[in-house]
Amino acid sequence: MSAFKLKENGTTFSTEVTAGLTTFFTMAYIIAVNPGLLSQAGMEWGAVFLATIIASIIGTLIMGLVANVPYAQAPGMGLNAFFVYTVCFGLGFTWQQALSMVFLCGLINILITVTKLRKYIIKAIPKSLQNAIGGGIGVFVAYIGLLNIGIINFDGGVPAISTLDQPSYWLFLIGLVLTIILLVCKVKGAILIGIVVSTILGIPMGVTTMAESVSFTEACSALPSTFGAIFTSEGLVSLFSDLSRLPLVLITIFAFSLSDTFDTIGTFIGTGRRSGIFSEEDEKAMDTAPGFKSKMDKALFADATATSIGAIFGTSNTTTYVESASGIAAGGRTGLTSVVVAICFAISAFLATFVSAIPSAATAPALVVVGIMMTSAFKEIDWPDFSEAVPAFFAGLFMALCYSISYGIAFGFISYCIVKICKKEAKQINPILWVASFLFILNFVLLAII
């Protein structure tokens with residue numbers, strides 16, 4: 001275990017294992033959700049199911065073994081919906097063409113990581129916005145938990161608290177209270193205990209049930225339908241065969257890449273800074289060390305490679321999961337946490353029905369309490385200063401309101417530039433923020449046009 005430097009990072013083997021299990025259980029829903037979404041575009045459920053697991057294992061192992069940081073990767077929610085509903089249904093691309101665009105998006109991310117452009121973007125973000133992003137991700141994570149269980153609904157066209165007439169709601173509330181009590185009492189492994197106990201309590205309540213799923217053998221037989229599909233005549237070749245659609249293809253790849261890049265940057269800033277995973281010394285090493293020597297460099301590269309790998313197997317953008325915050329909150333500080341997550345994903349391929357039996361009502365409390373912890377970043381913002389409060393507000397809250405980390409960052413960047421211009425302090429704006437804000441605005445305009 002010396003490779004993970006547990007002692008140097010102030011952690012232990014048991015803590016890392018607990019953190020890995022916690023992260024996995026809070027993100028395990030993707031195993032069933034992703035194939036359910038992508039199959040709507042015509043892909044085989046079993047193939048996407050296995051592709052999701054394989055992409056998650058490879059991406060997470062790279063993150064753990066190469067970068068030695070406690071982050072897990074899997075096909076991203078939001079990006080998979082964009083893949084199906086916008087790219088395939090809205091724009092009329094086939095799923096093979098959409099996968100090809102995801103593959104190219106991954107190559108672009110690798111390029112901007114190798115050239116260290118993503119590093120410069122991170123360093124260009126002002127401290128106030130970094131804290132806003134960190135707190136905003138906390139709000140976003142808690143919001144995901146509340147939406148996953150359905151205790152907040154939009155049935156009347158406006159958000160409202162659901163009537164507590166479902167066993168799943170009561171299980172969620174029991175789990176939330178239990179987890180809060182355990183955390184307040186400083187019980188080790190509190191979040192994981194909350195998930196396990198809630199899952200068990202859900203059995204007599206009828207919430208924890210064995211979900212239907214294809215067998216491992218059936219999934220293996222279906223995988224060839226998506227594996228390498230981007231290299232067939234229906235993939236990359238087809239994507240660029242119609243020159244009249246080339247502008248639309250480029251716009252879509254741009255949208256994929258922009259969202260993927262800033263989702264990752266937001267996650268690293270929001271979770272890595274306050275936990276000490278990415279220290280100031282590590283950031284200085286990014287500037288002085290040749291190649292990929294710092295943790296941040298390696299983590300960004302690990303994330304960049306995962307998207308293209310996932311596309312080859314047959315899934316939408318693989319990205320660093322914000323749910324990794326739950327494992328970090330449980331004490332995860334090294335790549336051993338990620339290795340544990342990868343092992344859990346591997347096991348889940350054979351035990352899919354058991355893993356999918358863990359209800360959202362059992363994992364949602366974990367996301368809510370992690371969100372509560374992360375909102376502490378807001379205290380570092382000078383809220384009485386309205387010029388500081390405006391971009392912090394947009395960056396911090398629009399992540400949840402727009403259900404997108406990258407959109408929250410977009411509104412934060414744009415409003416920051418506007419405020420600085422009004423204060424006649426435009427010279428203080430880093431050129432990278434100017435470019436990023438322009439690209440976000442261009443992205444919004446192009447998406448509105450198409």
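Buried means under 20% relative accessible area, exposed means over 50%, and partly exposed is in between, with a 1.4 Å probe and protein chains only. This is a predicted model, in which local features need pLDDT of at least 70, side-chain atom pairs count only at pLDDT 80 or more, and totals for chains, interfaces and linings use all residues. Residues are numbered from 1 along each chain as its sequence is written, and side-chain values use heavy atoms, with hydrogens and water left out.

Q: Why is Thr 199 called buried?
A: Thr 199 has a relative accessibility of 15%, and the limit for buried is under 20%. Therefore Thr 199 counts as buried.

Q: Where does Thr 199 lie, and what is Thr 199 in contact with, leaving aside its neighbours within four places in sequence?
A: Thr 199 lies in helix α9, residues 190-205; helices are DSSP runs (H or I, at least four residues), numbered from the N terminus. Contact means heavy atoms within 4.5 Å. Beyond those neighbours, Thr 199 is in contact with Thr 208, Ile 358, Pro 359 and Ala 362.

Q: What makes Gln 96 buried or exposed?
A: Its relative accessible area is 10%, so Gln 96 is buried. Gln 96 lies in helix α5, residues 95-114. Leaving aside neighbours within four places in sequence, Gln 96 is in contact with Ala 229, Ile 230, Glu 234 and Gly 235.

Q: How do you know whether Lys 424 is buried or exposed?
A: Lys 424 has a relative accessible area of 79%, so Lys 424 is exposed. Lys 424 is found in the loop between α20 (405-422) and α21 (431-449).

Q: What is the phi of Lys 5, and what is that of Lys 424?
A: Phi of Lys 5 is near 55°, and phi of Lys 424 is about 60°. Most residues other than glycine have a negative phi.

Q: Why are α1 and α16 called oblique to each other?
A: Helix α1 (residues 13-27) and helix α16 (residues 335-348) pack at an angle of about 50°, with their axes 8 Å apart. Angles under 35 degrees count as roughly parallel, over 145 as roughly antiparallel, 65 to 115 as roughly perpendicular, and the rest as oblique. Therefore α1 and α16 are oblique to each other.

Definitions and conventions:
Axes fitted to C-alpha atoms, helices over the stretch in contact; angles between N-to-C directions. Helix = DSSP H or I, 4+ residues; strand = E, 2+ residues; numbered from the N terminus.
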